[in-house]
Amino acid sequence: MENKNTSSQLPTALRIGNSVTTDKPTIIENFNKHFSTAGHAFHLTTPTAFNSTAPPTATRPSLPHFSFSQIHSADVLKELQNLDPYKSAGLDNLDPFFLKLSAEIIATPITSLFNLSFVSSEIPIDWKAAAVIPLFKGGDTLDPNCYRPISILPCLSKVFESQVNKQITDYFESHRTLSAMQSGFRAGHGCTSATLKVLNDIVTAIDKKHYCAAVFIDLAKAFDSVNHHILIGRLSSLGFSNDCVAWFTNYFSDRVQCVKSEGLLSGPLAVSMGVPQGSILGPTLFSVYINDVALAAGESLIHLYADDTILYTSGPSLDTVLTTLQTSFNAIQLSFRGLQLLLNTSKTKCMLFNRSLPAPARPSSITSLDGSNLEFVDNYKYLGVWLDCKLSFQTHINHLQSKVKSRIGFLFRNKASFTHAAKHTLVKLTILPILDFGDVIYKIASNTLLNKLDAVYHSAIRFVTKAPYTTHHCDLYALVGWPSLHNRRQTHWLQVIYKTLLGKVPPYLRSLVTIAAPTCSTRSSRYISLVTPKANSSFGRLSFQFSAANDWNELQKSLKLETLISLTSFKHQLSEQLTDLCTCT
């Protein structure tokens with residue numbers, strides 16, 4: 001839902017065919033037409049022979065039938081009480097502030113309405129109407145393709161979808177329905193865990209003196225292109241009862257949308273494809289839709305995260321690696337075509353990861369099924385982190401440095417407007433999250449690069465404390481009560497390792513660490529330690545599997561845990577272990 005304080009500003013002009021219009025009512029009507037038909041791109045650009053290609057389906061053991069359970073009023077009450085009162089209402093004009101205020105009164109009748117929907121396999125028609133906000137993604141402001149549609153659905157619809165989503169995700173996870181290499185919108189999974197897995201495989205391959213090549217696959221309007229008939233068939237094959245299938249069929253039928261912006265509202269248009277971006281169920285249903293694509297990877301490795309897919313393989317022969325990758329890429333493309341998802345060839349890129357092996361300046365091309373050669377790049381932004389072919393993270397750190405410097409510059413220019421407390425809060429909310437995101441990934445960068453981030457971090461602290469430029473960094477940390485960036489990264493990293501031991505990370509990371517069996521009766525043998533795998537080079541020791549074991553065992557020299565404790569207790573003990581003792585002279 002849109003924040004009431006966040007205005008959606010229409011572009012001053014929009015290109016429609018060969019002309020440009022500045023009339024705002026015309027602009028919102030054309031946005032609505034564009035968004036409601038965005039998912040039809042596959043049929044407009046793909047030969048008819050491919051339109052009827054059967055989508056891939058996994059062969060699974062018989063699954064127990066899934067049926068909806070009755071929703072309890074206590075759960076609905078909790079959802080209503082947790083509504084953000086500052087979010088916008090949907091087209092039904094039921095304000096979240098009103099729903100939150102009256103939660104205890106309306107929770108029971110609303111729950112009855114939800115359960116009646118299950119029984120009747122019908123959803124109130126008003127809950128299927130979305131107000132769509134055009135969100136600019138970057139590029140040409142005149143081009144409607146450079147805007148993403150964000151759906152503002154009725155609040156009660158989102159409360160209901162939240163309850164439905166919990167039931168179906170519990171079913172999927174308990175029966176291990178989703179691919180192990182599917183990280184999108186799953187509890188315990190995330191961009192960081194997915195990238196750590198992919199990087200571990202690549203670093204391990206390079207450590208073996210293997211070539212490693214990858215294709216970063218980009219799909220055009222993926223969420224808008226979901227075919228409802230195919231998706232319903234997917235749900236049926238996963239054990240959903242006839243009543244559930246009927247409910248989801250009704251969920252997708254008769255959906256309409258209007259574009260809303262700057263007080264203007266377009267006329268309604270029917271939406272016959274896609275999952276609503278901004279809905280609760282949409283991301284989960286999209287993950288189900290593309291889940292079986294992973295089966296087509298063949299001899300290559302694959303990782304799915306929503307509509308971001310990486311396909312990669314490695315080996316001692318570059319020609320063999322590229323041939324294998326091409327074969328797998330062909331199969332993946334056919335799988336996407338079977339799902340009527342269109343490859344965006346201009347944004348799908350290849351990368352050859354290599355640090356020392358001889359390689360041609362222009363490797364053999366990887367081609368799409370339509371004959372287009374994919375571009376080989378040296379840098380690619382994958383799940384929010386810039387990867388480079390040397391895995392130096394130079395590009396990523398330069399981007400972070402530039403972004404933080406820009407924000408700090410703004411804060412310094414307006415420093416007279418802020419109290420000390422406001423400065424402290426501003427840095428915590430606008431600077432630290434930038435430095436924290438993916439820090440357990442880019443921590444393997446050289447000290448020279450990481451020092452660049454130290455410099456902007458110190459500037460942020462000087463903004464808060466008014467300390468002069470000559471103040472030593474150790475004194476800066478003491479003034480504000482924050483750790484060094486190194487300790488901050490190390491804390492996050494050791495917490496990831498401990499979550500791995502607790503089983504709170506995806507299986508693909510858990511499988512990379514092994515608890516060592518005690519070898520003797522000495523006291524130290526009773527401490528939890530990890531088996532350190534073999535690494536052939538200093539670069540190989542940067543892999544997740546090696547560095548997790550090595551860093552944990554080093555921590556255990558002082559922590560000395562004999563049994564696993566809660567994550568909260570571990571964080572407390574860790575904070576006592578990691579202190580910034582100044583060793584500067």
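**Figure 1. Salt bridge between aspartate 436 and arginine 488 in the predicted model.** The side chains of aspartate 436 and arginine 488 meet with an N to O distance of 2.7 Å. Aspartate 436 belongs to helix α15 (residues 432-436) and arginine 488 to helix α19 (residues 485-502), so the pair ties together parts that are 52 residues apart in sequence. Arginine 488 has a relative accessible area of 18% and is buried, because the cut-off for that class is under 20%. By the rule used, the count of salt bridges comes to nine.

**Figure 2. Salt bridge between lysine 349 and glutamate 375.** The N to O distance between these two side chains is 2.6 Å. Strand β12 (residues 349-353) holds lysine 349 and strand β13 (residues 375-376) holds glutamate 375, so parts that are 26 residues apart in sequence are tied together by the pair. Lysine 349 is buried, at a relative accessible area of 15%, whereas glutamate 375 is partly exposed, at 43%.

**Figure 3. Salt bridge between arginine 186 and glutamate 173.** The closest N and O atoms of the two residues are 2.9 Å apart. Glutamate 173 is in helix α7 (155-174), while arginine 186 is in the loop between α7 and α8, so the pair ties together parts that are 13 residues apart in sequence. Arginine 186 counts as buried at 12% relative accessibility, and glutamate 173 counts as partly exposed at 35%.

**Figure 4. Interface of domain 2 and domain 4.** The protein is divided into four domains, among them domain 2 (191-221 + 297-388) and domain 4 (493-579). The contact between domain 2 and domain 4 takes 12 residues from domain 2 and 14 residues from domain 4. Their centres, taken over C-alpha atoms, are separated by 31 Å. The two domains bury about 1100 Å² between them, and 66% of this area is on carbon and sulfur atoms. Zero salt bridges are counted between domain 2 and domain 4, but six residue pairs are in polar contact across the interface. On the side of domain 2 that touches domain 4, helix α8 (residues 191-207) gives the most, with nine residues. The residues of this side divide into four nonpolar, four polar and four charged.

**Figure 5. Alanine 246 in helix α10.** Helix α10 spans residues 242-252 and includes alanine 246. Alanine 246 is partly exposed, with a relative accessible area of 32%. Between alanine 246 and leucine 269 the C-alpha to C-alpha distance is 23 Å, and the two are 23 residues apart in sequence.

Notes. Residues are numbered from 1 along each chain as its sequence is written. This is a predicted model: local features need pLDDT of at least 70, side-chain atom pairs count only at pLDDT 80 or more; totals for chains, interfaces and linings use all residues. Side-chain values use heavy atoms; hydrogens and water are left out. Domain bounds come from an automatic or database domain assignment. Contact means heavy atoms within 4.5 Å. Buried area is the accessible area (1.4 Å probe) that two parts lose on being put together, summed over both. A salt bridge is a side-chain nitrogen of Lys or Arg within 4 Å of a carboxyl oxygen of Asp or Glu. A polar contact is a pair of N or O atoms within 3.5 Å; within protein, one must be able to donate a hydrogen and the other to accept it, and residues adjacent in sequence count only if both atoms are side-chain atoms. Helices (H or I, at least four residues) and strands (E, at least two) are DSSP runs, numbered from the N terminus. Ala, Val, Leu, Ile, Met, Phe, Trp, Tyr, Cys and Pro count as nonpolar, Asp, Glu, Lys and Arg as charged, and the others, Gly among them, as polar. Buried means under 20% relative accessible area, exposed over 50%, partly exposed in between (1.4 Å probe, protein chains only).
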